[in-house]
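Here are my notes on the model you sent over.

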Amino acid sequence: MTMHVLHGGRDGLGSPSPLARLAPSRWDVVALPLVLGLLALLVFGGHEVAQPLSQLERTPITLDPWTLPYYALRTTLRMLAALGASLLFTLVYAPLAVKSQRAGQILIPALDILQSVPVLTYLSFTVTFFLGLFPGQVVGAELASIFAIFTSQAWNMTFSFYQSLRTVPSDLEEVCTGYHFSTWQRYWRLEVPFAIPGLVWNMMMSMSGGWFFVVAAEAVTVGSTTITLPGVGAYLALAIEQRDLGAIGWVILTMLGVIILYDQLLFRPLVAWADRFRADTVQAEERPTSWVLTMVERSTLFRTLGRPAGGAARATLRWRLPSLPKLPAPRLSPRAVRMGDYVWQGALAVMALYVAVHGIQFMATGITWGDVGHVVLLGLATMVRVVVLIVLAAVIWVPIGVMVGMRPRLAAIVQPLAQFLAAFPSNLFFPVAVAAIVHWTLNPDIWLSPLMILGTQWYILFNVVAGSQAYPVDLRDVIANLRLRGWKKWRDALLPGVFPHLVTGAITASGGAWNASIVAEAVSWGDTHVQARGLGAYIAQMTTDADFPRLVLGNVVMVCFVVLFNRLVWRPLYAYAERRLRVS
Amino acid sequence: MNLTPKSLRAAPGAHAPADLATAGVAPHGASSGPRPLPSGVPILTVKDVCKRYDADPDSPLVLDNVNMTVDRREIVALLGRSGSGKSTLLRIIAGLLSSTSGQVSVAGKPVSGPANDVAMVFQSFALFPWLTVLENVQVGLEARGVPPAEMRKRALAAIDLIGLDGFENAYPRELSGGMRQRVGFARALVLDPGILLLDEPFSALDVLTAETVRTDFLDLWGDGHLAIGAVLLVTHNIEEAVQMCDRILVMSSNPGRVAAEIEVTLPHPRVRTDPAFRQLVDHIYGLMTRRRKAAPGIAETLAAGLSLQLPHVSTNVLAGLMEMVDAEPHNGVADLPVISSALQMSTDDLLKVAETLQMLGFAEVVEGDIRLLPPARQFAQAELDVRKRLFADHLLQRIPLASHIRRVLQERPNHRAPRPRFETELEDHMSETAADETLKAMISWARYAEVFAYDGDTAQFHLDAEEEA
Ligand SMILES: Nc1ncnc2c1ncn2[C@@H]1O[C@H](COP(=O)(O)OP(=O)(O)OP(=O)(O)O)[C@@H](O)[C@H]1O
Ligand SMILES: [Mg+2]
């Protein structure tokens, strides 16, 4: 990663002799095999991708557990590629939105819309394009799949970066200006480092989201043919189709291993590394550590590799464009600037109108007003589900979270566990739900709903625990001193204290639930299909049917619901919590 | 007030480096160091600078026709109350802000955009937390495209000079405040700037640390180790200015102007307990309180109407000062510097409180003294409810905004009015932040005096329930 190279390879001052520098340290004993192993896997996986499509047909997915490590490798590489693409997208998109106010006026609302479009929709609209890029090659299908995963990862990372860019401390900005930093230097010396902690945290959340959708993203359907890419998701889909509980057990086990590996090899080092970019200048007592990061920093292998790369990266910071003769900046009057704004906003409105008209014309080819009413009702049904589930999850997790948060030792165990559970793709457990619903002939409209929040409820727990850990000690003493008890203690002291954190967690959980609805409202087990009435199930159905006008309609309604829900419920609630209830 | 260059002074600061013309030339061939100028050309010239933050010509003038010069080998202080525009002026000189009119030139070249020959040290240190001390010191050189080897050599030399040896690989969060500010100094010094701008560099440090960093800097300057042409120091600490500077420019506020200029010819090292030192401090204290127009008398406050800005000073503090001055040994009249050191309060904060009392008709502030008026002495000795009544009377008589809000509430049938109603009204006369502070002060005083109430949940003003009945 570029950023790492940039800041890595800090060399000590009393430079040791070149020979001493090259002497392997004991960390190299671990580093060398690890690097060689990872390289080999990368080459192997890359080779498999470069095959013609016919290869896939000759080797269909099997449920043999021994194939799982291979499938896991393919899925992991896909996820990694998507994460890299998301990072790249973030690093370009967010600065554009911040640096130009006018660009921001379309980029930010666009991001709002992009993140509320379900992943499946992206897949169905782009498959033909990606396959067309590499006709007859696996690469095309891979790209389509990676793109689908990308769409489940990129947006929240971009939002996080955007937020960071807007809150860069002004004194550091003045240093950059006063000391003549180039835009490039400012970007890498100030803006990116400042954003890293938030970005890393959001990468972890994105990864969790990605695992959830990887099942959907590995089956690429074009018209009547479906290309199934080898991977854990495809394995799971086959296991479901063949009602093989044993195979599902194997998948769960594999995922456990993969997530632990990801955590150890990627995220833990990232978190430990990101810690040095926290902008606060107080020294925390406990700082995250990672053996991988220590290895990277101490082993001669990485240092030897890192030094030239780091030097080259730093050299770019000294680059200057040849200084052009300074043109006198045209001093626009405020009125002229305002006129410019009106013109720009007018142009945007015309563009939006154009898109809207075309969209409506397209939809009008296949739908009636009756459809519209029907879909809005379905949207309401899904919304009721989301709201009820969030409330239920809050009722369950807030008391538990507060209890845990007040006990530091317990919190130290629960916190990573919640994070792990959030990362675990909960759809692995969906078959169990179907079996239960069929067995007891339960109402799917009610009993499928919990699946929507199965994966994201952990964010509520996680945030509430963090919130009550941050609960001021003196207020705790007051509670004890006044002998506040029972409901009064909760209402007057504890709930207001953790409320802002609860809202933060609930926003994440609710966003996830909306997205998950397309997977959770329609679930199968072999040839048993269970469906709840809701917008998610509708979109899933239209995707399978390739009924594009209705698919567009479903998505438009979904976007409207999510965006309005965020504006009318979450934003005011968040603002209220920030204003009134922030302790500290 | 127009200042003429002081280049003809016989004895510049006793501690000026022996030969700055050579010390000032960067030995590394970089184009950054100050070049020898024809003698008599000041390193910094500020001519007729005015500044408004708003493009609107009716918006408040922050700087009004400021003129000043700084010669080579000088340390000059800009001394002034909070809000007098010192930082604004400094940022204009550094090229970080543009002036509304007027001209700034550094080393003979007009400043437009970030200037090449200046380096700034910030009150908040403004270090990059993710860079080591060495990297932090190097960034300015990196921006100038200095090759790595030379960059490192120069940065190490600066680190060495400023007393940070051994901390090269530490991160700012591992350092104490004093050490962090030393990094701030090293980062500026390594560029060999023609003029070094210091924006209250010691005010975020505790008293002892500030003293150490200050004297260390003076020693380096005095021994001619610094390849910088001149220093411009912004401060509101009078003693600091007297201790460090060859010349002090006192700024008045609203709008910011250079109100007085004082030459300091005391020999170095300057001792704070020296009678001459004390006398000078007292003199400047007097100047700073006398020259202020913004502490208005009753006629002025009433004339100001709603454009009167209110400082957010707690009623507890107001009462505390009245009690203290009323009591022995002051008996109603006190010397502000004496109170300032007794209360461990900065000049600036104390003056703000004293002037609020003056605004409310409780005291007079003259020449560094505060004299309580009869109502204040009555206040100091009264019980709480009498105090509240007295305060309410003064508030309604002296502060037009108070009587205005109360009248609006009385006129309205439900005796309620939303906050934005007054906010927008105030913003016709002052900036958004000033309006906000004024309303905050109003609310807290009115709550104490019980002249009207404010409900933060609904953001509404209302008359007290008992009065409504
Ligand atoms: N960015 C800004 N926009 C609008 N007004 C500003 C801005 N910065 C400062 N001001 C106003 O300009 C005036 C002078 O501010 P400035 O910060 O220069 O004062 P100062 O003398 O440095 O005060 P202090 O001692 O508190 O640092 C103040 O009234 C302030 O409210
Ligand atoms: Mg200032």
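1. What distance separates the centres of domain 2 of chain A and domain 3 of chain A? Over C-alpha atoms it comes to 21 Å. Bear in mind that this is a predicted model. The domain assignment puts domain 2 at 55-278 and domain 3 at 362-580, with domain 1 split into 19-50 + 294-318.

2. On the contact between those two domains: 33 residues of domain 2 of chain A touch 38 residues of domain 3 of chain A. Together they bury about 3,000 Å², with 73% of that on carbon and sulfur atoms.

3. A:Asp112 and A:Arg567 form a salt bridge, at 2.7 Å from N to O. Elements giving two or more residues to the domain 2 side include helix H6 (101-116) and helix H12 (245-274) of chain A. That side has 24 nonpolar, five polar and four charged residues.

4. Now the chain A and chain B interface. Here 37 residues of chain A meet 42 residues of chain B, burying about 3,400 Å² between them, 53% of it on carbon and sulfur atoms.

5. Chain A and chain B share two salt bridges and nine residue pairs in polar contact (both at pLDDT 80 or more). A:Glu174 pairs with B:Arg91 in a salt bridge, the closest N and O atoms being 2.5 Å apart. On the chain A side, helix H9 (170-178) and H10 each give two or more residues, and H9(A) has the largest share, seven residues. By class, the chain A side splits into 14 nonpolar, nine polar and 14 charged.

Note on methods:
Residues numbered from 1 in each chain as written. Chains lettered and ligands numbered in written order. Predicted model: local features only at pLDDT ≥ 70, side-chain atom pairs only at ≥ 80, totals over all residues. Heavy atoms only, no water. Domains from an automatic or database assignment. Contact = heavy atoms within 4.5 Å. Buried area = accessible area lost by both parts, 1.4 Å probe. Salt bridge = Lys/Arg side-chain N within 4 Å of Asp/Glu carboxyl O. Helix = DSSP H or I, 4+ residues; strand = E, 2+ residues; numbered from the N terminus. Nonpolar A, V, L, I, M, F, W, Y, C, P; charged D, E, K, R; others polar. Polar contact = N/O pair within 3.5 Å; in protein donor to acceptor, adjacent residues only side chain to side chain.
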